[in-house]
Amino acid sequence: MQVDVPFSPEQASSFAGEVDALYGFLWALTIVVGLVLTLLIFYFAVKYRRREEDEIPRPVRASHRLEAVWVGVPFVVAMGIFFWAAGLYFKMYRPPEEAIDVYVVAKQWMWKFQHLDGHREINELHVPVGRKVKLTMTTEDVIHSFFVPAFRVKMDVVPGKYSTIWFEPTKAGRYHLFCAEYCGTSHSGMIGWVEVLEAPEYQAWLSGGPAGGSLAATGEKLFQQLACNTCHKSDGTGRGPSLEGVFGKPVQLANGQRVIADEGYVRESITNPKAKVVAGYDPIMPTFQGQVSEEQLLQLIAYVRSLASIQGAAPQSGASSPGRQQSPAPAPAQMKQQQQ
Ligand code: CUA
């Protein structure tokens, strides 16, 4: 019986080759340096062995040139590895704008995926081949880690915040998904599959049709159920700022700072509303911490995000509430539209 133990997992993403090249270089360097040092140890041990009982070693004359070489060469090699790895790291941890968005909630012990169109999956993620996919991930309980060896991507998923990772699958197929952070009894069972489909099959899968409408539509219903719309009126006359045209743009805060209204900011504004109050508004919003689940938070965020393409609140023409005018004027161009 022949057991096939591959040296490394299949290469199935655009990163795989680059990660393997770096890893292979480190591996080869380690072997070469280790081998050369070992051989030199033996060679010098023999060459400079003590030949007589009362032999006194000759004094060693230092060579600055030799010293410069053994300082300089490792320095250049180490810095080379550093810049090579850092370049790759920045590429992997900066998701591209045009990526397909998928939201991920981890919990003991499963992976839950929410697609913008409303598809939801557990322990399975369907993505198209040759398209960039960005995951925005959080967890309901402890720290987990999203790991797909064939894509060479791994990212910790941390409670209370969003971490992101992206990849571009290059080969259709079925790839293992693991949790790579010990998270309790069934950590080893917290596994799943990433299904990479050819474009037509992916379209067919998409048209399989989610029951409950898009993620943003679910979020909109929730937005009304929680009565968020009574304060966040779209015309900007409410006690809270209008959320139209806000997502992805800079927001002017009461404390003078500016933040980008990304997923993390919206999440924080729901769970800890007093942390970053929009300039011109009072810190009167109650917290929704504990009242909405991580999945519901993502639905609300998807809704707020869907409002990004709407022009900001109509400029308040004096009449209504004075003193509430300062909602940041969003640049109408460069909408962060990531629908596919
Ligand atoms: Cu989740 Cu280990």
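Trainee: In which sense do strand β1 and strand β2 pair, and over how many bridges?

Mentor: Happy to! This is a predicted model, in which local features need pLDDT of at least 70 and side-chain atom pairs pLDDT 80 or more, while totals for chains, interfaces and linings use all residues. Residues are numbered from 1 along each chain as its sequence is written, and side-chain values use heavy atoms, without hydrogens or water.

Now to your strands. β1 (residues 100-107) and β2 (residues 110-115) run antiparallel to one another and share six bridges; strands are DSSP E runs of at least two residues, helices H or I runs of at least four, and pairing takes at least two bridges. Across from Lys 107 you will find Met 110 of β2.

Stepping back, the open sheet has five strands with mixed pairing, ordered β3-β2-β1-β5-β8. At its edges sit β3 (120-122) and β8, each of which pairs on one side only. With direction ignored, neighbouring strands are turned by 25° against each other on average (axes are lines fitted to C-alpha atoms, for helices over the stretch in contact, and angles run from 0 to 180 degrees between N-to-C directions). Helix α6 packs on this sheet and touches β1, β2, β3 and β5 (133-139), its direction making about 160° with that of β1; contact means heavy atoms within 4.5 Å.

On the α4 side the contact includes Leu 215, Leu 222 and Phe 223, and on the α6 side Leu 298, Leu 300 and Tyr 303 are among the residues they meet. By class, this contact of α4 with α6 has eight nonpolar, five polar and one charged residues.

As for its length, α2 (residues 64-93) has 30 residues, so at 1.5 Å a residue it should span 44 Å, which agrees with the 43 Å between its end C-alpha atoms; the expected span is 1.5 Å times one less than the number of residues.

Terms used:
Nonpolar A, V, L, I, M, F, W, Y, C, P; charged D, E, K, R; others polar.
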